[in-house]
Amino acid sequence: MELRILNGTPEEIAEFLRLTSGGTESDHAEADAGAGDVLASSTSMESMEAAAFIHERGRTAEGKARVQRYIDQIYELGGVEIVTGRSIRTKDGQTDYLMVRDGGVRRFGAVAYVKPANSGLTLRLTREDVADLSTDCIQFREVKEGHKYVVNCPLTSDEAVEWATQLTLRALKKVRDAD
């Protein structure tokens, strides 16, 4: 399987796909009709860069797919930004994780860190923040008392991706409500 990263507007990408896919004229009409909705929700420059990052850093097809599904769901929430950190230890100058941040006024760091290499997710939540939840998808880090990033939710299943999205919403609410 070959992966191509396409840059462009949704319309440009749909046209590229139409021109390079072969098929009949009716196939192209069907592709054009469906492409607008799908591409419009997933082709912003940020999401394309995140997809490329996940592809480069992820180790397994299943892990990459789960991380991408999580990132797509977070983008759909709106009001977030997803970025890489900087590192002098890597060839490309980027860290090995993506940061999910509140898109508003930034008073705090990331609400979540996701690592495509191991499908790991660490959230800006404490034990108290999730005390009302019961699932095997939630794990706790052994950190000093008062640490803000205590909750892990490895993206090891479809259920874990759904929990991760709900936990990210909870972390976003926490930083948005903090004044």
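Helices here are DSSP runs of H or I with at least four residues, strands are E runs of at least two, and both are numbered from the N terminus. A helix's expected span is 1.5 Å times one less than its number of residues.

This is a predicted model, where local features need pLDDT of at least 70, side-chain atom pairs count only at pLDDT 80 or more, and totals for chains, interfaces and linings use all residues. Residues are numbered from 1 along each chain as its sequence is written, and side-chain values use heavy atoms, with hydrogens and water left out.

Let's start with helix α4 (residues 61–77). Its 17 residues should span 24 Å at 1.5 Å a residue, and the end C-alpha atoms sit 25 Å apart, which agrees. Buried residues (under 20% relative accessible area, 1.4 Å probe, protein chains only) in α4 include G63, V67, Y70 and I74. Just after α4 comes G78, with a positive phi of about 75°.

On a 1 Å grid over the protein atoms alone, a cavity is a set of points where a 1.4 Å probe fits but cannot get out, while a pocket is an open set with protein on both sides within 12 Å along at least five of seven lines; lining residues have an atom within 4 Å of a point. Points join across faces, edges and corners, and a volume is the space filled by probe spheres set on them.

| Space | Volume | Among the lining residues |
|---|---|---|
| Largest cavity | about 60 Å³ | R101, D102, F108, V175 |
| Second largest pocket | about 210 Å³ | E49, A50, F53, T84, Q94 |

In the second largest pocket, α3 gives the most to the lining, with six residues.

Key. Buried means under 20% relative accessible area, exposed over 50%, partly exposed in between (1.4 Å probe, protein chains only).
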